[in-house]
Amino acid sequence: MDRAEKIVVGLSSGLLGLFFLALLAAARLKAIDVPPCLPPEVRPFQTGRIDTLPDGTRQIFYVARMWRFEPEVVEVPAGKPVDIFLSAADVTHGLYVSWTNTNLMAIPGAVNAYRFQLPQPGVYPIICHEYCGAAHQNMVAYLIAK
Amino acid sequence: MDTIAVKREEFQVAPLSRALMIVEIVLPIVLLVLGIYHGFMQALYRAGVIQSSSFLGIGYYQGLTLHGVINAVVLTTFFGVAFGNAVMQYYLRQPLIPGFHVASTGLMVMGTLIAAVPMLLGLADVLYTFYPPLRAHPAFYIGAALLVVGSWIALAGWLPLLRRWQKENPTQPLPLAVLGMLTAFLIWFLCTIPLAIEVLFMLIPWSLGWVEAINIPLARTLFWFFGHPLVYFWLLPAYVFYYTWFIKEAGGKLYSPYAARLVFLLFLVLSIPVGLHHQYTEPGFDRFWKGVHALLTFGVAIPSFMTAFTIAASLEYAGVKRGAKGLFDWMAYLPWMDANRPLFAYGIAGLLIFVFGGLTGIVNASYNLNQTIHNTGFISGHFHMTVGGPVFLAILGLSLELFSQLTGKPIRLRGINVAVPYLWMLGLFIFSPAMMYGGLLGQPRRTNMGLSYLDPDSPHFRADWIPTSYLTGIGAAVMTVAFILYIAVWIATLSAPATKPAGQLVLHAPENLHPEISTQSILARLRPWLVVAFVLILISYWVPLRQALQTPQNAVPYTPDNPVPVVQARK
C-alpha cells in the first residue's frame, strides 16, 4: 500500500474508533443503552398491568397482540423513571414511544425491558413499528405524562 | 508489472449460455416493472394519497412484499449470477459448463415462479424478511429456497474453471474481477447456510403443519446471520464494476490493485459476524455481544472507506489525463454526460448516492444510537441509498450493456439512457432525506400510513408527518419517471436490429497505476482469509446462538389477516 492509502485507512479507523468510544461513553455516563438481557427464567406474560414499586417507580407490563397494546392508555409521572416490560402474545411487534429513545421489539418467547423517563408533560403515542399483519397501522397506544 | 496490457479480445459466448444469460438478465428486469410500480404505490399510500388497504386488487402489504422480494432478492440474485457468469467466462477465457449452467438458471427461474404464485394470490403477505410467527404459504419458502440453491450451483460451476485457469497461469494472481465475484459468492454461500437451516428445518415443516411450533429468537438470529452479509452480496458485484469497468469508462487507471484486493478480502472476513446489529432492540442477547457486533460492523465500514479513496484517486487520474490542473477541477473533466459512456453515468450517480448511504449505515450500526431510528423511516431512507443507489444503478446499467453484447443489438435512445441515472439520483435525493427525516419524527418504516397516521379522520392522525410523507411521494414519483425512461431505452433497444455478431462479451478493465501483487502475497491466497472469517463467525455467534436456543419452541403460525393462530383454527 502506498502512503496515501495508509493515511486513509488510519484516519478512517481512527474516526470510527473515536465514534465508538463516544457511543460507549453515552451508554456508561448518560445511561443511553440498548435493552438488557433478562434472565431466561423471566417468562412471557399474557395480560398487561401497571405496578408501582415502593420507591415510586412506575412499572408497565405491556402485552402486544394483533392489533393492540394492553394496557392501551397509561398515565406516568413526568420526569420520573418508568420501567417497561414487553411481551408478544402472538406475532412479532414493535413498541416505539414517539420522540424518545424507547424503541423495542416484542418477540414471542422472550420478555423485553427498558427504563426511561418522559421529561415533559404531554401525550406520547406508542406506535407498533414492526409489521404484524393486516391492521398493523392501527396498533397505537398512548402514554400520558403528568 | 504495472503496465501489463489488459486490452483483450472479446469472448464468444456459446449459444446455450448466451440464451440462458439473456433469461437471467431479462426476467428480473420484466419483474422489476412490478417491483417499481409497488414502490411508487407505497409512497402514495404512506402520504395518504391512497387511503385504502388495497389498490387495483393488490393490497398494501402484498405490494410491499412484491417490492422487497423482486427488487432486493430476485433482481440482485439473478444479476449476481449473470454478471458472475460474464466475469468468469471473459476473464478465465473458458466457456461455462453447460450442465451447471442449465441447472442453476433452471432452478432460479423455477424458484422465482413458484414463489410468485402465492405472492400474487395474496397468500404470502409476509414481506421479504418473512419474520415468523407470520406464516406464508409453503410455496413461498420452497420457491425462495430453489432460487438460492440455483445460485449455489452457479458458484459450483465456476470452481472447475478457476482451478484450470490457475493451473495454466501459475505466475498470475486471480484477475481482480474474478476475485471480487468469488468473494461475493463465498460470502453468499456461507451466509445462506443459516438461512437454509431456518427455511428447511424450521419454516417449511412448520408452514406445512408437520411441526406445530418453532423458536422465534432462533429463527430471527439465523435470518440476520444471513440478512446482513446479504447486503454485501448485493454490493460486491457493483464494487467489481467500480474497480474495473467503471474506471476504464472514466478513462482512468486503477490507483492500487493491492488495496482493491485487500478490500474484497476484508469483506470476506468481516461481512458475516455483524448480524446482531439488526437485533439491538431485541430481548434475549447480552449487551456485550450486541457491542461486539457493533464494533465488527464499524470494521466492515473500513473497506468501503478504502474504496471511496481508491475510486476517487482513480477518477482523479482520469481527470488529470484529460487536462485537469488543480486540486478539484478533475471532477469537471470526467465524462458526465457522454452518451457513449453510459456506464460512467450509472456508476458516478451510484457513487454519489452511496456517500450518504454508507454514512447513514454507520448511524444504524451505532449500538445505542440505533434506539432513535430502529424500524423508523430512517432505515428505509438509508437502504434506498445503498441497494437503491450504487447497487441498483450498476445493475440497470450493466444489464442493458450485457444484453446489448449478448444480442448484438446496440443500445438505442442513448441520450435518454445517460440521463436516467441522474434523474434517479435526483428523485432519491428527495425521497431518502424525506424518509429519514420522517423517521426522526417517528414514522414507522413498513406501515400503510394512509389508513391511520395520514388520515385526518383517524384518531391517530399525525399532522407533523405530512411534509415528510409528501416529499417522499414526490421523490418516488421522480424515481418512477427515471425507471419508465429506462424501460423505454430497453424497448427501443429490443426492437432494433442487431448490428454486431451476438454473444461477444467485452468486459473492460483499466490498467494499474501502482504495481500488481505477486502470487507470493497473502492477498493472492483465499484460505487464510476464510479461516479468519470462520473464527470471527464462531466467536461472534457462539453465545448469541446459545442464548437464542434458551427460548422454548412454542410459537405457532399466524396468517397476517387473522389474530387466531392457524393450528388452532385447523383443529
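**A walk through chains A and B**

Let's start with one pair of residues: A:Phe85 has A:Ala113, in strand S8 of chain A, as its bridge partner. Before going on, a word on what we're looking at. This is a predicted model, where local features need pLDDT of at least 70 and side-chain atom pairs count only at pLDDT 80 or more, while totals for chains, interfaces and linings use all residues. Residues are numbered from 1 along each chain as its sequence is written, and chains are lettered from A and ligands numbered from 1 in the order in which they are written. As for the labels, helices (H or I, at least four residues) and strands (E, at least two) are DSSP runs, numbered from the N terminus.

Okay, back to that pair. Strand S5 (residues 82-88) of chain A and S8(A) (residues 112-116) are joined by five bridges and run antiparallel. Two strands count as paired if DSSP finds at least two bridges between them. S5(A) also has seven bridges to strand S2 (residues 58-65) of chain A, and these two run parallel; there, A:Val63 sits opposite A:Ser87. So is S5(A) enclosed or open? Six of its seven residues are buried, so S5(A) is largely enclosed by the rest of the structure. Buried here means 20 or more other C-beta atoms within 10 Å of a residue's own; 12 or fewer is exposed, in between is partly exposed, and C-beta atoms are placed from the backbone.

Next, an open sheet in chain A. Its five strands go in the order S4-S10-S9-S6-S7, with mixed pairing. S4 (73-76) and S7 (103-106) stand at the edges with a single partner strand each, so one side of each has no neighbour in the sheet. Neighbouring strands are turned by 20° against each other on average, direction ignored.

Now look at S7(A). S6(A) pairs with S7(A) in the antiparallel sense over four bridges, with A:His93 opposite A:Ala106. Their hairpin has five residues between the strands, and A:Trp99 takes a positive phi near 65° there. In a regular strand, side chains alternate between the two faces of the sheet. In S7(A) both faces are covered: A:Asn103 and A:Met105 on one side, A:Leu104 and A:Ala106 on the other, are all buried.

On its other pairing, S6 (residues 93-97) meets S9 (residues 122-127) of chain A, antiparallel, over two bridges, and A:Val97 partners A:Ile126. Remember A:Ile126! In the largest nonpolar core, with 221 residues, A:Ile126, B:Val87 and B:Val178 touch the most other members. A nonpolar core is a set of buried Ala, Val, Leu, Ile, Met, Phe, Trp, Tyr and Cys residues joined through C-beta atoms within 7 Å. Which helix gives the most to this core? That's H6 (residues 216-250) of chain B, with 24 residues.

Over in chain B, helices H2 (residues 60-92) and H4 (residues 138-168) pack at about 10°, axes 11 Å apart. They're therefore roughly parallel, the word for angles under 35 degrees. Their contact residues divide into nine nonpolar, five polar and no charged.

Last, where the chains meet: 57 residues come from chain B and 50 from chain A. H8(B) gives the most to chain B's side, with nine residues.

Definitions and conventions: Axes are lines fitted to C-alpha atoms, for helices over the stretch in contact, and angles run from 0 to 180 degrees between N-to-C directions. Angles under 35 degrees count as roughly parallel, over 145 as roughly antiparallel, 65 to 115 as roughly perpendicular and the rest as oblique. Ala, Val, Leu, Ile, Met, Phe, Trp, Tyr, Cys and Pro count as nonpolar, Asp, Glu, Lys and Arg as charged, and the others, Gly among them, as polar. Two residues are in contact if their C-beta atoms, placed from the backbone, lie within 7 Å.
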